[in-house]
Amino acid sequence: MNRKTLITGLAIVAVIFIAAGFRLYDIHHYPPGLFPDQAANGEDVRLILEGDVRPFYPRGNGREGLFFLLQAVAVNWFGGGVWPLLATSAVVGILTVGAVFFATRIFFGRLSGILAALFLATNHWHVTLSRTGFRAILIPLFVAAFTAFVGYAVAAAKQKKTSRSLVYAVLAGACFMGGFYTYIAYRIMVGVVLGMLLLMLLAALHPQIGFPHLRRYRWQLVAAVVAGCLVFLPLGLYFWHHPDAFVGRAGQVSVFNQDLQNQYGGGQLVPTILYSLRATLLSFFVGPGDLNWRHAVPGFPLLNPLVGLLFLLGLAWTIHGTVMVAYKLRRGEEEHLGFVYPYLLLLLLGMLVPVITTAEGLPHGLRSIGLAVPIFMLAGTAGSVCLYWIKRKLPLNFQAAGVGLAVGAVLVAAAYDGALYFLIARNDSAAYYAYRGDLTEVAAFINEHHARFPDAPRPYLVLDPFSLQTIHYLTAVAAHDHVVGDEVHPDEAQHTWVQLDPATSERTTLQAEQIIIFTQSTIVDADRYGAMHPEVEVVASRRNRWGKEILRVYQRAGTSPPAEEIDSLDA
C-alpha cells in the first residue's frame, strides 16, 4: 500500500466516523417522536415481521417496500419503539457518504471524493433526512452506488480487467433497478439513462467513432441488464397486477392538479411550474429553505454558503466539460469516463423534475433529495480544484496560508451545519411538535395505564385518524393492512383505547373509572370538554420542556381509587 492510498483510506474512514456521529448521536432522544407517516412505516414493518413481505405496500397511497424491510431488520434486532425506525435511515445516510466518495473518486480523483463525502457528512439537510426515517433517503445511496459502479466498470474494462469489470457491471445494473424500490422520485433515472444512451447514439453517427462503447462494453451491458431485470422482477410483476399503484400520490401533488394551479399559478400551468422551479432553486442558496422540521432546519438554506458557492463553481466547470465532450465528439474522438459531465447535468435536471412538477409544500427537501448526489459531487470536485489552484498558482510563501484558510472554511462550514441541527433544531419547540413528540408521550401513558389497570375500561383518546397511526403503532399488539377512511381496524377489539373525534368529543360523558385523554393537538378540545363537563377533574397532565401542555387526562371527580394512582403518573 502506497502513501497516497494510506492517507486516502485514513481520511475517508475519518469522514465516515464524522458522518456516523452526525447521524447517530443521541438518536434515542432526538428526533423526539414519531410522526404519523413514520409510524405508518412501522405498521408495515409489523406485517413484514409476521411474514407478509411484498415489494410494494398500499398504505399511504402506496409505497415501495425496501426501506420497510431494512427497518424490519432493525426492529427485529433492537425491538419496537421509535429509535430503531430512525436508526435505519441513519445507517443508510452513513453508507451514502461512502458511496458518494467512490462515485466522485473514480471520475474526479481522491481529494474530490473526500471533500464531497465530508460536505455531505455534515450537511444539515441530509443529516435531518438521515435521522427522520423516510424511505426517500435511499435515493442518494442508489444513485451514488450506480454512478460509482458504472465508473469502476468502465475503468476496469479500459485496463482490460474483464472479470472485475463484469462484477461492477452486475452491481451497477442491480443498483439501477434496485432504486425503483426506494421512492417514486427515483423513476426519473430512466430519463437520465435514456438521455445518456441518446447522446452515445448521436456520437456513434460520426463516421470516425461508430459504436466503440457497444464493442468494448457489450458483455458488461448484457450483465447489467440481466442483473437489473432480475432485481426489478418482483416489483414489475406487482405493478403489472396493480397498475393503479404505479401512479400513487403523484397525481394529488402534481402541477397538473387544477386546485394547485389555482393556488400557486393563478389557474395556469406555466406560472405554477415557474413557481415550483423558483422556490426549489432558491431554497438551496438563500431564504428560509424548507420550512418542514422533518426535512431540514427551517429558516436556513439547504446548503451552507461554502458548499453553495462550490456547487455553483462545479456546475460551471461541468457545463464547460460537457461542451468539451461535445467538441471532442464532433472531431471524431472517442469519449468514455468524460461522459460524466453530461451525465451530471442530466442528473441535476432530471432530479429537478419530480420537484418542479409538484406544487404542494414547496420548497420540499424530501422530494429534492435526489439532487444531493450531483450537488455534493460537484461541490467536492470544485473544492479540490480550488486547493489545486492554491498549490499551483500562489507563491510558495502564500500556499500554507491559502491551504490553512481553505481548511478553516471547511471546518467552519461543518460546525455551522452541526450547530443548525444539534443546537437550533434540537432545542426548538416547533421541531418537537413537528415530530409529534406528544404522541410518543401519550402512547407511553396508555401503555402504562393498561399495564397497571388491565381490567379498567379502555380510555377514550381524542385524536384525528391521521395522527392515530402513531398511537396505533406504539400500542398495537397485532399487525394488519392499511384501513381507509372510517373503516374499522381489524384489531379494534385489541386496542387499549377508544378513539373519539375531536370535533364531537364533548358529547361523551364519562362513567365510573373511565378516563379521557387529550394530546397537544387537541388541548383546545380538552378546554371545551372541561367547560362542558363540570363533573370531571384533571387527573394527569404533562408538559414538555418548553412548558407546552402535551397531555391532559380527565376522570369523573371522586369516583374511584384509580384516579389517585393515575395522578402519580404526572410529569
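Me: Which residues does Trp 125 touch, leaving out those up to four places away in sequence?

Reply: Contact here means heavy atoms within 4.5 Å. By that rule, Trp 125 touches Phe 284, His 295, Ala 296, Leu 302, Leu 303, Gly 365, Ser 368, Ile 369, Ala 372 and Phe 376. Keep in mind that this is a predicted model, where local features need pLDDT of at least 70 and side-chain atom pairs count only at pLDDT 80 or more, while totals for chains, interfaces and linings use all residues. Residues are numbered from 1 along each chain as its sequence is written, and side-chain values use heavy atoms, with hydrogens and water left out.

Me: How do I read a nonpolar core, and how many residues has the largest one?

Reply: In soluble globular proteins, nonpolar side chains tend to be buried together. A nonpolar core is a set of buried Ala, Val, Leu, Ile, Met, Phe, Trp, Tyr and Cys residues joined through side-chain atoms within 4.5 Å. Buried means under 20% relative accessible area, exposed over 50%, and partly exposed in between (1.4 Å probe, protein chains only). The largest core here has 121 residues, and Trp 125, Met 189 and Ile 471 have the most contacts inside it. Helix H4 (residues 83-108) gives the most to this core, 12 residues. Another core lies apart from it, with 12 residues, including Trp 293 and Ala 434.

Me: What share of the protein chain is buried?

Reply: Of its 571 residues, 53% count as buried.

Me: Is Ala 19 buried or exposed?

Reply: Ala 19 counts as buried because its relative accessibility is 0%. You'll find Ala 19 in helix H1 (residues 3-24); helices (H or I, at least four residues) and strands (E, at least two) are DSSP runs, numbered from the N terminus. Neighbours within four places aside, Ala 19 is in contact with Ile 94, Val 97 and Ala 121. Ala 19 and Ala 90 sit 71 residues apart in sequence, yet 9.1 Å apart in space, C-alpha to C-alpha.

Me: And Gln 220, buried or exposed?

Reply: Gln 220 is buried too, since its relative accessible area is 9%. Its place is in helix H10 (residues 212-241). Once neighbours within four places in sequence are set aside, Gln 220 is in contact with Ala 157, Ser 165, Leu 166 and Ala 169.

Me: Now the sheet. What is the strand order in the open sheet of 5 strands?

Reply: Two strands pair if DSSP finds at least two bridges between them. The order is E4-E3-E5-E7-E6, with mixed pairing. Strand E4 (498-500) and strand E6 (536-543) are the edges, each pairing on one side only. Leu 461 has Ile 517 in E5 as its bridge partner. Between E6 and E7, which form a hairpin, there are 5 residues, and Gly 547 in the turn has a positive phi of about 85°.

Me: At roughly what angle do helices H2 and H20 cross?

Reply: Axes are lines fitted to C-alpha atoms, for helices over the stretch in contact, and angles run from 0 to 180 degrees between N-to-C directions. The axes of H2 (residues 36-49) and H20 (residues 468-475) come within 8 Å and cross at roughly 40°. On the H2 side, the contact includes Pro 36, Glu 43 and Arg 46; on the H20 side, His 472 and Tyr 473 are among those taking part.
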